[in-house]
Amino acid sequence: MHKVVFYPVGNGDTSQIILDNGKRLLFDFHHQVQGEDDGHPVIDIKKRLRDELDNAKRDYFDVVAFTHADKDHIAGFSEFFELEQADKYKGNGRIKIRELWVPAAVLLEQASNDQQSAEYILLRQEARKRLRDGKGIQVFSKPEALKDWMEQNDISFEDRKGLFTDAGTLARGFTLEADNVEFFCHSPFMKHCDEGDILRNDASLIFQIRFEVNGYRTDYFSVGDSTSEALEEIVSTTKFHKRLDRLQWNLLNVPHHCSYLALSDEKGDKETEPKDGIKELLRAGQKDAYIVSLSNPIPDTADMYKAIQPPHIQARKTYERYLREVGGRKFYVTMEEPNASKPHPLEFEISERGLRFLGRTITGAAAVISSTPPRAG
Amino acid sequence: MTAEFFVIGEPLEGESPTNMKVDAARQTWFAVRSHRSFTSIEVRKYEDIDGYSELVIVDCECDRIPPNNAPRIEYRERFALCFSNKVNRPPEVRALRTGFPLTPHQNHVLNGAPSSLCLYFEPWPVIARTWTPQKHLERILWWLEQTALEQLHRSDQPVEQLYFSAPKELVLPHDFDEKVNNKEFRLALEFRPDRGNNRQTIVGLMQRSVDAVSDQVLNTSCIALRLNSVIQGRIEHFPRNLGELSDTLDARGAPFIKELFAEIRQRVEGNLLKVNNIKTILILNVPLLKEAGSDIARFDNKAYFLPISLEEIGLKGGVLDKYENQYLLRHNLGIQVEPTDAWRSVELEPIDILQPFTPEYARQTSGILSSGPKGVLAGVGALGSEIFNLWSRSGWGEWTLIDPDHVKPHNLARHTAFDQFVGHNKADVVRYLDEALWGSTGSKTRAIPKSATDFDSTEVIDALKNAALVIDVTTTLDYPREHASQDDFPRGISVFLTPSGNGCALLAENACRSVRLDGVESQYYRGILNQAWGEAHLDGNKSYLWTGGGCRDLSTVISGELVALHAGNLSRQIRHASENPAAAIKVWHYDPESGAVATDALFVHPVLKYNINGLSVVWDDGLRSKVRELRLQALPSETGGVLLGYFDLTQKNVYIVDVLPAPSDSQGDTSGFSRGIEGLANTISEVQRRTANIVGYLGEWHSHPPGSTAAASSADVLQLAHLGIELHRDGLPALMLIVGEQDERWHFAAVKED
């Protein structure tokens, strides 16, 4: 059985795919110091992942993908992983990364202000080091700017061509035959226009991850952060290439912690009215599909409708409406399950019987013994 | 794709839960409200002869159901949670979606009624003691998940009956599937006593048709039909009458009604049958296929009790006529007659089918995978008969029992025999009991009431040579020694109780028989001499181990409890040992106070043989290492000591059990060794005590200094002559072992009288 796990890391992303053959792919990393405190709802992601690897008798991930370099997708990674760039980042129980997956923009200097954190620079250096070494990395898209940078730095692009994967193709290293899974890359993509190819700097990794077990297919549409504009372009490009099946999903993790901006530019009062292209993507959901929001809780309360920062209740309402329309199951929020005070990771199982959510409400005695009861007098 | 739902009962008037009258229903209403997977739709009620019930109608969303599940359970299902005001009625859960699949673990409901989930394994009075509405809801989720994952029961068993259990049960004979279609055989029924309330077990037997007892005698006609094969995996509701049964089987492609009437015609043909009021048992045998075109995977048997006679069914089916109190075949003479449907309403009462006890079933029940060897069990006394009893009941092995003894009154304390068997051969008695165990399935056990060492008997010798394994429970040392001397015998395993009854031992040859029982026996004695457990292992012996250990001796005091305890242990251990090709020595010690059983095992060394003057010296690699080690420790001086063992003059073998190191007052240097006597007499006496006088003094051993071979020096020859003369007083030869730089040599001295 394959597993997809989403971790309650607040308004941030950390998820993992654990294949039946034992391979592990981690998508983003968001550690929060307050999570180290038992009483805080956010999970101690370092401890949790380390425990999981210990149980599996491993000290590495096969793949660690950073969908983009925003803080809520990389926070704390430089203290957790072994980095090739310098000895001080090695050993001491650091977790190894067999292959790093990043969008090309991570290697370039043109990052937004938010991305110019100390950790972002470490990530960029790590990606550059691995690119220079010619191993342990897969770079998604190959913009001219990166090729220029490589030339200036005496790194032969020709020798490293195999490290690059373009949108519209499958990521290297995984096949349906060998692993029951393939990663179709939707983003970052090049936009062709008169001035030449333009890479959206803010574009994060977006995959349609296809599982096929004994002929039964389950599609997981995995989006880091994205805007409605970029998503619409993905839809139109995919339609142009007549690959509509690459928009299908049985599992969708919604962009940017359930921000309305991934649906439309207008938030709406009760619901966000999605742009036409987004509607098509939402309607590509299959019967019994799930949607997951990696975010803080999204209760249906009056003040939530006024929220400026994501998550947005209006966006949730929209997702839920479309989920019902396609005969889907439920919209789950990482920080809500099974309750907002002590959420557990959301675990999904994928087999020849399809996708199912393994969550089970823990109540009664089982719940009491898994936490400290209030202090007795 | 909106689902369609059954509607049961009528809406409850007024507010819920205020107006709800059934406590469990009201509690459940609250539990549903706070359960994330359930949503309350409405509350309904109904009244019938069984009383008043309230129904909490809910939608249930179960995340653990995979979408691509074979039974086709949906993520969202609607249920009626039904609660009766009768406390002894279990709560019922009815699936309201009209397309809800028929799956295993559902209760029997009438055709067309909403499915009823069978949630609990135990009877309701047991469940009720810990039942809460919250647990009930979790149980529904569990049922849905397990059913969707097909982890509940086999997929082809009929739905279960909640309020009904068939009063009659039928044990089909083991050869039913094989012979049901053979006209030479008929299923004969034996009715066991009615246990009250019409509850009764019927045992079937395939009988030659010519021997069959008439239906009138049994007051029942029995008709068994083989139908077309069908693909397995469908689950059926119980049919209420012959018409429903026929429709169900027609739909599966296994029609039977024509065959039924043909069979009825055939039975009436040429017979003038009087009108009678006997009943009918109908058994349908359906070969099941895994998929179209595959071989028959197994047979599905269903039995029904019909309250009228076969002839009456024939009458209703229009194949018979009744004339003046007699049934006649109807001859239509080419006139078209409308087929009558009257047979359709003949009621059916299901009969539970029980599997007959067969060796396969016995193994399955006992958790034993292997069918076991074709073996000989030599000795069916107290221990042997009990071990055999356990193996036979667990379907392990096919056995030939060899034992020359007969049952005497005192044997009844420990043997599986009964008083009526006193004076009969034990082998025959045990086989007879085995036949009683297996009934119509039959016993494959053979009995030879002779001694296992009676090699003049072709019966005995053939049985031993043709077996794959011989288990020796003779509790003599006669049989194992003889067994060891035979090259064309199969592997042998000996077991016996210790004289006190508190211990037992298992000695096994290896599968290739390079190590035989006699060599294993002598290493067992070395264990007794050197291991802590040997101190009291053979306590209670009367200076003769083997025959005293058996129960032939009237004065032996061992309780049946101990025999049963060791038999249970040994029967399992023999099974394990037989599956492991290595030789084995294992002992068990029972603490009669605490009940603890301790165990020890010895490594069995490769056996070495050395022939001198027609005598075989049997020793082993472990002992050779031991003397070499003693030599090494003493170098550069010589050292030596006493040889321990015993003769088997029948086999002309001498078994070397152990060597003693030099007594403390011995003197050894680079040129010679003089064995002292300090403590030696005590040690030898302890050796004899521990081994029930079997092991004793055999001769001397000593080592040679570096660079020397094991050839006897002139001094050695003198010593050997001296020993020969001394031991001749016991009528025995003397042995001497010399351990040289590279080799060991055995020397031998016997006095010739002539």
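Biologist: How many residues of chain B are in contact with chain A, and what makes two residues count as a contact?

Modeller: In this predicted model, 10 residues of chain B are in contact with 15 residues of chain A, where a contact requires C-beta atoms within 7 Å. On the chain B side, the residues that touch chain A divide into five nonpolar, two polar and three charged.

Biologist: Why is chain A said to agree with a compact globule?

Modeller: A compact globule of 377 residues would have a radius of gyration near 21 Å, and chain A has 20 Å, so the value agrees with that expectation. The C-alpha trace of chain A spans about 70 × 50 × 45 Å along its principal axes, and the chain holds 10 helices and 17 strands. Of its 377 residues, 47% count as buried, and among contacts between residues at least 6 apart in sequence, 68% join residues at least 24 apart.

Biologist: Why is Gly560(B) called partly exposed?

Modeller: Gly560(B) has 14 other C-beta atoms within 10 Å; a buried residue needs 20 or more and an exposed one has 12 or fewer, so a value in between is called partly exposed. Gly560(B) lies in helix H17 of chain B, residues 560–579, and, not counting residues up to four places away in sequence, it touches Ala413(B) and Arg414(B). Gly560(B) and Ala382(B) are 178 residues apart in sequence, yet their C-alpha atoms are 8.2 Å apart in space.

Biologist: Which residues does Leu401(B) touch, not counting residues up to four places away in sequence?

Modeller: Among them are Leu377(B), Val380(B), Phe388(B), Ala427(B) and Val430(B), and the list also includes the charged residue Arg431(B).

Biologist: What makes strands E13 and E16 of chain B edge strands?

Modeller: Three strands of chain B form an open sheet in the order E13-E17-E16, with antiparallel pairing. Strand E13 (273–274) and strand E16 (320–323) each have a single partner strand, so one side of each is left without a neighbour in the sheet. Two bridges join E13(B) to strand E17, residues 326–329, and strands pair if at least two bridges are found between them, so this count is enough. Within E17(B), Tyr327(B) is the bridge partner of Leu273(B).

Biologist: Why is strand E34 of chain B described as largely enclosed?

Modeller: Six of the six residues of strand E34 (residues 734–739) are buried, so the strand is largely enclosed by the rest of the structure. Ala734(B), Met736(B) and Ile738(B) point one way from E34(B), whereas Leu735(B), Leu737(B) and Val739(B) point the other way, and all are buried. In a regular strand the side chains alternate between the two faces of the sheet.

Biologist: How many bridges join strand E33 of chain B to E34(B)?

Modeller: Five bridges join strand E33 (residues 696–703) to E34(B), and the two run parallel. Leu737(B) in E34(B) is the bridge partner of Trp701(B).

Key:
Residues numbered from 1 in each chain as written. Chains lettered and ligands numbered in written order. Predicted model: local features only at pLDDT ≥ 70, side-chain atom pairs only at ≥ 80, totals over all residues. Helix = DSSP H or I, 4+ residues; strand = E, 2+ residues; numbered from the N terminus. Rg over C-alpha atoms; globule rule 2.2 N^0.38 Å.
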